[in-house]
Amino acid sequence: MNQLRLFHATFFAAVFVLLGTHAVCARADDGDAPVDTDTSAATAYSNEYVVVGDKLLLTGGLSQVEGAAGGGLTPWAIIGGYGTRDQVGGNAYYTRVDVQDYHLDDAGVLIGINNRIEFSLAKQRFNTEDVGVALGLGKSFTLSQNIFGVKMRIAGDAVLEQDSWLPQIAIGAQYKRNDQSAVLHAIGAQSANGTDFYISATKLYMAQSLLLDATVRFTKANQIGLLGFGGDLHDSYRPQFEGSLAYLLSRNLAIGAEYRSKPNNLGIARESDWYDAFITWAPTKHVSLTLAYAYLGNIVIKDNQRGLYLSVQVGF
Amino acid sequence: MNIYRKTLRVFIAPATLLLACCLTGVQAAENPAPANASLHPVYVQFGEKAGLVAIVDDLMINLIRDPRTRAFFADADQKHIKIELVDQFCVILGGPCTYTGKDMVKTHAKLKIDRAQFNALVEDLQNAMDKHHVPFRAQNKLLAKLAPMHREVVNQP
């Protein structure tokens, strides 16, 4: 419980730090209100530059389910937020995934520094609804985990290097700490915390309006860590493949699909690979909304879990 | 032995040249307006030369209104810049034009341009293309050719 409180404190502290940095980093252009001429159609210049970084719209990515900048399921090599290489960007998100027998509440913040390094913090709460009763844990028994993530861009530029085959490449780690140690050990998990390591390659094929990502993750996590780490079947790091494909319909609208393979460490329940199909709308650099249809397959005693994924991201 | 030496020489000569170029900082400027005949349909989607003139007119208005780019254009020879931009875009899109301007390194040598300002120009161009109803996919075909120029235009960390 104390740990939970500590996490919440850290979480809100991080939000305030983010907002604070935001204010400090704001461009000092306040005196420069656009001259009002009769060329009004030449674009509504809001004073958006004052409070937002200069990456192009949507190229800061969304917030994936563990808090890193990415798609919905998988991290991308993109550094989150709209900061370019001499700017700081950041965002906060809330994601809700509702499938037949469970739901997940997921929230987090990230900060991207100089388009080089990204730190993220996320909290996932996985609610077992009636399954909790069937398992003798009680209705709406909830498994929670806190995730601290770090990602570093090591090569390339996904957006501007359009004449190069080299994608943007980043490496990252996600340290996860689950708060239900006793239950996790009872179902065969070897540990309540663990660290995933990944390498991502992301490239925007601008002439085709396509974005591609491929990620390899080394992980021991069961159901991304919500069911602990390692198991009675396997307790070693195994590479998993994740991928995203997005098609840009306009500057602020994208559709796409994702895949994420997962290990099978626990004897009590088969674990499925995950898929989703999504649509994202970013009316401005400050906000994006993502709606997805997610297929999560078998989760413990319930098979064929699928449903809606809704995510709201705000940032700069 | 002889073959071995010959082989070695074949590799060493270009490698030395490459090293020398790197050390002396010799860097051939990229062609600022590479023609892409295959993009001619996109040129048509832009409304050909007249369309480009209208788009670049609005681009310049946007650049001057945009606090991030204003300093570079407000006191510059806007008419000249617009002519060069139209020709450059026209050639890149496979249009019947000739670009007579300088290369991108020389053009921007006296300016201090960072990545954010480069992206700002992209946004201002996107806004101008939107205003003239250039289809999004066609816009991206031009931007894909312009984007790599950041290596020559951006000269600030």
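What follows is a short chat about the two chains and how parts of them pack.

Me: What should I know before we start?
Reply: This is a predicted model, where local features need pLDDT of at least 70, side-chain atom pairs count only at pLDDT 80 or more, and totals for chains, interfaces and linings use all residues. Residues are numbered from 1 along each chain as its sequence is written, with chains lettered from A and ligands numbered from 1 in the order in which they are written.

Me: OK, how many residues of chain A are in contact with chain B?
Reply: 27 residues of chain A touch 27 residues of chain B, with contact meaning C-beta atoms, placed from the backbone, within 7 Å.

Me: And what classes are on the chain A side?
Reply: Eleven nonpolar, seven polar and nine charged residues. Nonpolar here is Ala, Val, Leu, Ile, Met, Phe, Trp, Tyr, Cys and Pro, charged is Asp, Glu, Lys and Arg, and the others, Gly among them, are polar.

Me: Switching to chain B, how many helices and strands are there?
Reply: Nine helices and zero strands. Those are DSSP runs numbered from the N terminus: helices are H or I with at least four residues, strands are E with at least two.

Me: How much of chain B is buried?
Reply: 37% of its 157 residues. Buried means 20 or more other C-beta atoms within 10 Å of the residue's own, again with C-beta atoms placed from the backbone (12 or fewer is exposed, in between is partly exposed).

Me: How do H3(B) and H5(B) cross?
Reply: The axes of H3(B), residues 48–65, and H5(B), residues 78–92, come within 9 Å and cross at roughly 135°. Axes are lines fitted to C-alpha atoms, for helices over the stretch in contact, with angles from 0 to 180 degrees between N-to-C directions. The two helices are therefore oblique to each other, as under 35 degrees is roughly parallel, over 145 roughly antiparallel, 65 to 115 roughly perpendicular and the rest oblique.

Me: Which residues meet there?
Reply: Among them, Leu52(B), Val56(B) and Met60(B) in H3(B), and Leu85(B), Val86(B) and Phe89(B) in H5(B). By class, that contact has eight nonpolar, one polar and three charged residues.

Me: Back to chain A, how do E12(A) and E13(A) run?
Reply: Antiparallel, with eight bridges joining E12(A), residues 274–284, to E13(A), residues 287–299. They form a hairpin with two residues between them, and Tyr275(A) has Tyr295(A) as its bridge partner.

Me: What about E13(A) with E14(A)?
Reply: Eleven bridges there, also antiparallel, with E14(A) covering residues 302–315. Val287(A) is opposite Val314(A), and in the hairpin of E13(A) and E14(A), Val300(A) takes a positive phi near 50°.

Conventions:
Two residues are in contact if their C-beta atoms, placed from the backbone, lie within 7 Å. Two strands pair if DSSP finds at least two bridges between them.
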